[in-house]
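Below is a short report on one model.

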Amino acid sequence: MPPRNRSGNLRFGENTRKVHPKVRMVSNGNANVNAVRAGASGSVCVSEALAELPVAIPCVTKSVLGEARGRQRKIPRAVVASVFIRMNATRGKKPKLPAGVKATSSRRGNLIAAEIPLDRVREIARDEDVAYVEMGEALSAPAPLVENRDPAAPKKRSYALAAKHLHGKGVLIGIIDVQGFDFAHSDFMEDGKTRFVRIWDQGGDARPSPEPEGQFSYGAEFTDAHMNAAIKASPQLGLPATDIEKQSQTVEGSHGTHVASIAAGNRGVCRKSRIAAVLVALGKDDEDRRSSFYDSS
């Protein structure tokens with residue numbers, strides 16, 4: 001039986017301080033409570049059966065939650081959390097993955113982004129190499145304000161050290177953003193072709209994913225061949241190229257296009273560079289908030 005505090009809630013013993021309070025709070029809820037919580041939290045996901053439970057918002061009925069109060073017998077395995085696991089620093093060695101963490105989890109240095117069943121958190125926290133476990137944070141899309149849709153052309157000038165960086169010639173600029181990328185915009189065209197080499201639309205299904213059998217086995221990857229073919233066919237079809245190779249998000253004056261233009265447009269900082277873009281978006285299978293993740297991990 002796991003250790004408990006006076007109220008009967010589950011706790012993590014001597015490793016309590018290694019687990020963020022939000023993770024402990026979710027662990028203290030039963031499966032039905034977390035089925036409701038998953039509808040509002042981008043870092044909590046439940047099984048399909050729990051996701052089908054009826055939810056009354058803002059009032060959740062007792063029939064859905066069962067007993068509102070009582071002792072939690074065990075941490076529910078049907079609930080999965082999206083977490084960041086910070087490993088203790090090591091010199092020149094890549095920290096081992098804690099037990100219960102999939103090998104496909106993303107990692108950068110000592111930080112690991114993983115999706116784990118709640119009942120494995122206690123085991124992970126016991127690992128001596130684990131420093132801290134915390135939940136991902138909710139995401140919100142930026143809302144840029146476009147005041148002038150017909151701005152005057154900027155004055156021609158050389159950026160600092162342009163003679164050395166050659167306006168990004170031979171450089172690949174990476175952009176991660178929302179609302180879509182207008183790869184056929186004149187600001188990204190060179191000799192009738194786009195300077196975008198790839199767009200990974202994480203919520204799309206119009207093209208195969210980057211790695212059908214690997215870690216990036218979701219979304220759609222548009223290559224420069226796809227985009228340039230759409231640009232070439234656009235006049236004959238009477239359609240914008242972005243409607244021929246359509247991303248899951250296409251917003252006029254999108255934030256993604258705006259940022260890419262500043263960084264690598266023909267009037268931007270790196271006007272000679274190539275561009276690889278990631279469109280942060282949810283797929284159709286992820287539209288049920290209770291059975292998917294959509295947080296900072």
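## A serine in a loop

Is Ser 43 buried or exposed? Ser 43 is buried, at a relative accessible area of 2%. Buried means under 20% relative accessible area, exposed over 50%, and partly exposed in between (1.4 Å probe, protein chains only). Ser 43 sits in the loop between helix H2 (31–37) and strand E1 (44–46). A polar atom of its side chain lies 2.9 Å from the backbone oxygen of Gly 136.

## Basis of the model

The model is predicted: local features need pLDDT of at least 70, side-chain atom pairs count only at pLDDT 80 or more, and totals for chains, interfaces and linings use all residues. Residues are numbered from 1 along each chain as its sequence is written, and side-chain values use heavy atoms, with hydrogens and water left out.

Helices (H or I, at least four residues) and strands (E, at least two) are DSSP runs, numbered from the N terminus.

## The open sheet

Four strands make an open sheet, ordered E6-E11-E9-E10, with mixed pairing. Two strands pair if DSSP finds at least two bridges between them. Strands E6 (172–177) and E10 (220–223) are at the edges; each has a single partner strand, so one side of each lacks a neighbour in the sheet. From one strand to the next, the twist averages 10°. Axes are lines fitted to C-alpha atoms, for helices over the stretch in contact, and angles run from 0 to 180 degrees between N-to-C directions.

E6 and E11 (residues 274–279) run parallel and are joined by six bridges. Ile 173 stands opposite Ile 275 in E11. Gly 174 stands opposite Ala 276 in E11. The covered face of E6 holds Ile 173, Ile 175 and Asp 177; the uncovered one holds Leu 172, Gly 174 and Ile 176.

Helix H9 (residues 255–264) lies across E6, E9 and E11, at about 155° to E6.

## Aromatic pairs

The whole structure contains four aromatic pairs. Rings of Phe, Tyr and Trp (its six-membered ring) pair if their centres lie within 6.5 Å; planes under 30 degrees apart are stacked, over 60 edge-to-face, the rest tilted.

Trp 200 and Phe 216 pair edge-to-face, 5.3 Å centre to centre with 85° between the planes. Trp 200 is in strand E9 and Phe 216 in the loop between E9 and E10, 16 residues apart. Trp 200 counts as buried at 12% relative accessibility. Phe 216 is partly exposed at 33%. Trp 200 also forms a tilted pair with Tyr 218, at 5.2 Å and 50°. Ring pairs also link Phe 181, Phe 188 and Phe 196 into a cluster.

Terms used:
Contact means heavy atoms within 4.5 Å. A polar contact is a pair of N or O atoms within 3.5 Å; within protein, one must be able to donate a hydrogen and the other to accept it, and residues adjacent in sequence count only if both atoms are side-chain atoms.
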